[in-house]
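The sequence and the structure should be kept in view while reading.

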Amino acid sequence: MRTAITYTIGLGLVVMVVITLASGAGQQPVAPNPDSQYRLGPDSLPQEGVPKGEIKGPFTLPCQDYPGTQHTYWVYVPAQYDPKEPTALMVFQDGQAFKDEKGDMRAQNVIDNLIYRREIPVMIGVFINPGRKPDQPEPTPRDWGDRSTNRPTEYNSLDDKYARVITEELMPALAKDYNISKDPEMHGIGGSSSGAIAAFTVAWERPDHFRKVLSNVGSFVNLRSGHVYPEKVMESEKKPIRLFLCDGRNDNRGLRGGRYDEKMDWFYQNVRLMKALTKKGYDVNYSWGMNNHGQKFGGAILAEMMRWLWRDGPVSTDPKDEVERGFRQPAKK
């Protein structure tokens, strides 16, 4: 017996799943859930003895590039932040989902644990939501705002308008309160689904500001011509961007109404982009799981993605350097 269930997932996409139910002898068992093997590890959970950073906000950022809209954002300040020292920066799109304490990413825990163990530099984290009009609802971990905010336009369009939001509106606002390094190598940006292609577009358009990109189940598909990025990569001069891509074999595969559209196949287009970046000589890493369109796999490997993106932080090899050999302690007040 087959039954079809239509539902909306957290990344704003409607998915119809056909489930085969065993109703008698000889019928095939129900296939395992592709996300069933992915669980959060210790790096994603609060650990005893690890200094916890503070998430401040929400703050409201008026938007000039999309008149009439505003962006809500939160700022993660690590316990080791010293305002006298320029610090790194990591910006996450769909911030409400990346900082959700019960969600699949829990990025603040990952950052806490990795900073403490000196596996990434001390960094300010920013969790920014897509723009919305004041009378529109704020995105939530259950509804990311595809139908109620400016998310589709901002995140999926291949222009520099959203890059201007980040570099010309958000960055100056942050600089008023925090000592953020001006070195673009110290700036990373990431996201999931449409938030991932948005992060890539920001770095693509503004490599003078952002050079590290984290992409989970990126929507490099024909929502607004995102499938052309492999060709753009090959045709353009190589840019100083480092990327980590992750996706799953059961991400949206472009099958609709019995027809296949490769331009709407998330996994195929992610692999295609990886191949173009590799051929062009980019510093790119990738991991392909079994996952659906979501954050289960990305959350399970978020710490590893962050370690790889930020692997070139300064390291002392002096055996007498007791500071370097010790865990990072909170900054002195």
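Contact here means that heavy atoms lie within 4.5 Å. In this predicted model, Tyr-73 touches Gly-57, Pro-58, Phe-59, Thr-60, Leu-61, Val-126, Phe-127, Ile-128, Leu-170, Ala-173 and Leu-174, leaving aside residues up to four places away in sequence.

**Confidence**

The mean pLDDT of the chain is 93, and 92% of the residues reach 70 or more. Where pLDDT is low, the predicted coordinates should not be read in detail.

**The sheet**

Eight strands form an open sheet with mixed pairing. Their order is β3-β4-β6-β5-β7-β8-β9-β12. The edge strands, each of which pairs on one side only, are β3 (54–62) and β12 (283–289). From one strand to the next, the twist averages 15 degrees.

Within this sheet, strand β8 (residues 212–216) and strand β9 (residues 242–248) pair in the parallel sense over five bridges. Ser-215 lies in strand β8, and the bridge partner of Ser-215 in β9 is Leu-245. Ser-215 has a relative accessible area of 1% and is therefore buried. Apart from neighbours within four places in sequence, Ser-215 is in contact with Gly-191, Ala-196, Phe-220, Phe-244, Leu-245, Cys-246 and Asn-270.

**Helices across the sheet**

| Helix | Strands it lies across | Angle |
|---|---|---|
| α4 (residues 161–175) | β3, β4 (70–77), β5 (88–93), β6 (123–128) and β7 (187–192) | about 50 degrees to β4 |
| α7 (residues 266–280) | β8, β9 and β12 | about 155 degrees to β9 |

Helix α4 also meets another helix, α5 (residues 194–205). How do the two helices α4 and α5 lie to each other? Their axes come within 9 Å and cross at roughly 75 degrees. Angles of 65 to 115 degrees count as roughly perpendicular, so α4 and α5 are roughly perpendicular to each other. The contact is made by Tyr-162, Ala-163 and Ile-166 of α4 and by Ala-198, Val-202 and Glu-205 of α5.

**The nonpolar cores**

The largest nonpolar core holds 48 residues. Tyr-73, Leu-89, Val-126, Tyr-162, Leu-170 and Phe-210 touch the most other members of this core. Helix α4 gives the most to the core, with eight residues. A second, separate core of 29 residues includes Phe-127, Cys-246, Met-306 and Trp-310.

Although Ile-128 and His-71 are 57 residues apart along the chain, their C-alpha atoms are separated by 6.9 Å. Not counting residues up to four places away in sequence, Ile-128 touches His-71, Thr-72, Tyr-73, Val-91, Phe-92, Gln-93, Asp-94, Gly-95, Tyr-155, Tyr-162, Ile-166 and Leu-170. Among these residues, Tyr-73, Tyr-162 and Leu-170 are also named among the members of the largest core that touch the most other members.

Definitions and conventions:
Residues are numbered from 1 along each chain as its sequence is written. This is a predicted model: local features need pLDDT of at least 70, side-chain atom pairs count only at pLDDT 80 or more; totals for chains, interfaces and linings use all residues. Side-chain values use heavy atoms; hydrogens and water are left out. Two strands pair if DSSP finds at least two bridges between them. Helices (H or I, at least four residues) and strands (E, at least two) are DSSP runs, numbered from the N terminus. Axes are lines fitted to C-alpha atoms, for helices over the stretch in contact, and angles run from 0 to 180 degrees between N-to-C directions. pLDDT is the predictor's confidence in each residue, from 0 to 100. A nonpolar core is a set of buried Ala, Val, Leu, Ile, Met, Phe, Trp, Tyr and Cys residues joined through side-chain atoms within 4.5 Å. Buried means under 20% relative accessible area, exposed over 50%, partly exposed in between (1.4 Å probe, protein chains only). Angles under 35 degrees count as roughly parallel, over 145 as roughly antiparallel, 65 to 115 as roughly perpendicular and the rest as oblique.
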